[in-house]
Amino acid sequence: MRIMEALDGLDHGPGGVPHRRPWILTLDVNGRPHRWVSWQAACTYHARDMVAWSVGEQAFMIFGGTSRLTGERSQLSSQSIIAIKGRALRPASLRQIPPLSNRELFRRDRHTCAYCSATLAGGQLTRDHIQPVSRGGRDVWMNVVTACRACNQRKDNRRPEQAGMALLYAPYVPNKAEYLILSNRNILADQMDFLVQHLPQQSRARVLDA
Ligand SMILES: [Zn+2]
């Protein structure tokens with residue numbers, strides 16, 4: 001069980017080292033993954049009785065003031081996954097195309113250059129357009145891969161076959177669940193287990209380290 005106090009706004013893990021509070025995964029009433037919210041937003045959902053049900057480990061517990069009547073201190077806790085009352089998401093929402101950004105692109109591709117297979121930190125990687133933008137290529141998930149700077153320069157404004165460079169893996173569009181995985185580096189194990197169930201077969205996030 002993970003219990004964190006929110007009194008001073010900083011969590012202190014083992015050895016007094018501050019660590020980040022986990023994001024809470026929200027679902028619609030049908031259990032479709034929706035988005036990450038802060039612990040403050042999760043508190044608001046609980047306080048307004050907007051949580052239909054919840055699962056997962058206890059993600060945090062916060063303490064409020066002491067009641068003058070009972071002398072007891074108020075407290076509020078939340079599990080790591082909460083379903084919010086209200087309108088259900090359309091089934092198609094899982095297939096919505098998420099926004100493209102380098103951080104999520106590099107994570108989709110496991111920080112691995114698509115041409116030389118070097119695995120590098122984000123600062124040393126680039127977004128390569130398979131069909132160059134200067135030749136009509138679009139800036140979309142299906143036309144981009146992660147490339148190291150050297151390979152990107154060598155490929156220049158050419159298609160891989162024109163440059164004599166083979167793609168070592170294929171691009172794909174992450175679905176909603178995968179995007180939620182890619183956009184959070186601090187996912188709890190039970191949140192990951194939940195999201196993996198909503199991944200398509202080809203997703204590389206199936207083997208992504210949480
Ligand atoms: Zn490379």
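**View 1. The largest nonpolar core of the predicted model.** This core holds 21 residues. Those with the most contacts inside it are Ile 24, Leu 25, Ile 81, Ile 82, Leu 180, Ile 181 and Leu 195. Two or more residues come from each of E3, H1, E5, E6, helix H5 (176-182) and H6. H5 gives the most, with five residues. Setting aside residues up to four places away in sequence, Leu 180 touches Pro 33, Trp 36 and Leu 195.

View 2. Another core, of 11 residues, lies apart from the largest one. Phe 106, Cys 113, Tyr 115 and Val 145 are among its members.

**View 3. The whole chain.** The protein chain has six helices and eight strands. From the N terminus on, its elements run β-β-β-β-α-β-β-α-β-β-α-α-α-α. Of the 210 residues, 24% are buried. Among contacts with a separation of 6 or more, 62% link residues 24 or more positions apart. The model is predicted, with a mean pLDDT of 87 for the protein chain. In that chain, 89% of residues reach 70 or more. Over residues 1-18, the pLDDT is below 50. Beyond near neighbours in sequence, this stretch has 24 contacts in the model.

**View 4. The open sheet of four strands.** The strand order is E4-E3-E6-E5, and the pairing is mixed. Strand E4 (33-37) and strand E5 (51-66) are the edge strands, each pairing on one side only. From one strand to the next, the twist averages 35°. Helix H1 (residues 39-47) packs on the sheet and touches E3, E4, E5 and E6. The direction of H1 makes about 100° with that of E6. Helix H6 (residues 189-196) also packs on the sheet, touching E3, E4, E5 and E6. The direction of H6 makes about 25° with that of E6.

**View 5. Strand E3 and its two partners.** Strand E3 (residues 24-27) pairs with strand E6 (residues 73-84) in the parallel sense, over three bridges. Leu 25 has Ile 81 in E6 as its bridge partner. Leu 27 stands opposite Ala 83, also in E6. E3 and E4 run antiparallel, joined by four bridges. Here Thr 26 has Arg 35 of E4 as its bridge partner. Which residues cover the two faces of E3? Ile 24 and Thr 26 lie on one side, Leu 25 and Leu 27 on the other, and all are buried. In a regular strand, side chains alternate between the two faces of the sheet.

**View 6. The hairpin of E3 and E4.** Five residues lie between the strands of this hairpin. Within the hairpin, Gly 31 takes a positive phi near 85°.

**View 7. The buried face of H6.** Gln 191, Phe 194 and Leu 195 are buried in this helix. Seen down the axis of H6, its buried residues fall within an arc of 95°, so they line one face of the helix. An α-helix has 3.6 residues a turn, so residues three or four places apart point the same way. The buried residues of H6 pack against E3, E4, E5, E6 and H5.

**View 8. The surroundings of Phe 106.** Phe 106 sits in helix H2 (residues 102-108). Why does Phe 106 count as buried? Because it has 21 C-beta neighbours inside 10 Å, and the cut-off for a buried residue is 20 or more. Leaving aside neighbours within four places in sequence, Phe 106 is in contact with His 111, Gly 122, Leu 125 and Thr 146. Ala 121 is 15 residues from Phe 106 along the chain, and their C-alpha atoms are separated by 9.1 Å.

**View 9. Positive phi at Asp 49.** Asp 49 is found in the loop between H1 and E5. Its phi is near 60°, a positive value in a residue other than glycine. Is Asp 49 buried or exposed? Asp 49 is exposed, with 8 other C-beta atoms within 10 Å.

**View 10. Positive phi at His 111.** His 111 lies in the loop between H2 and strand E7 (125-129). His 111 is not a glycine, yet it has a positive phi of about 55°. With 16 C-beta neighbours inside 10 Å, His 111 counts as partly exposed. His 111 is also one of the contacts of Phe 106.

How values were computed:
Residues are numbered from 1 along each chain as its sequence is written. This is a predicted model: local features need pLDDT of at least 70, side-chain atom pairs count only at pLDDT 80 or more; totals for chains, interfaces and linings use all residues. Two strands pair if DSSP finds at least two bridges between them. Axes are lines fitted to C-alpha atoms, for helices over the stretch in contact, and angles run from 0 to 180 degrees between N-to-C directions. Two residues are in contact if their C-beta atoms, placed from the backbone, lie within 7 Å. A nonpolar core is a set of buried Ala, Val, Leu, Ile, Met, Phe, Trp, Tyr and Cys residues joined through C-beta atoms within 7 Å. A residue is buried if 20 or more other C-beta atoms lie within 10 Å of its own, exposed if 12 or fewer, and partly exposed in between; C-beta atoms are placed from the backbone. The arc is that of the directions from the helix axis to the C-beta atoms. pLDDT is the predictor's confidence in each residue, from 0 to 100.
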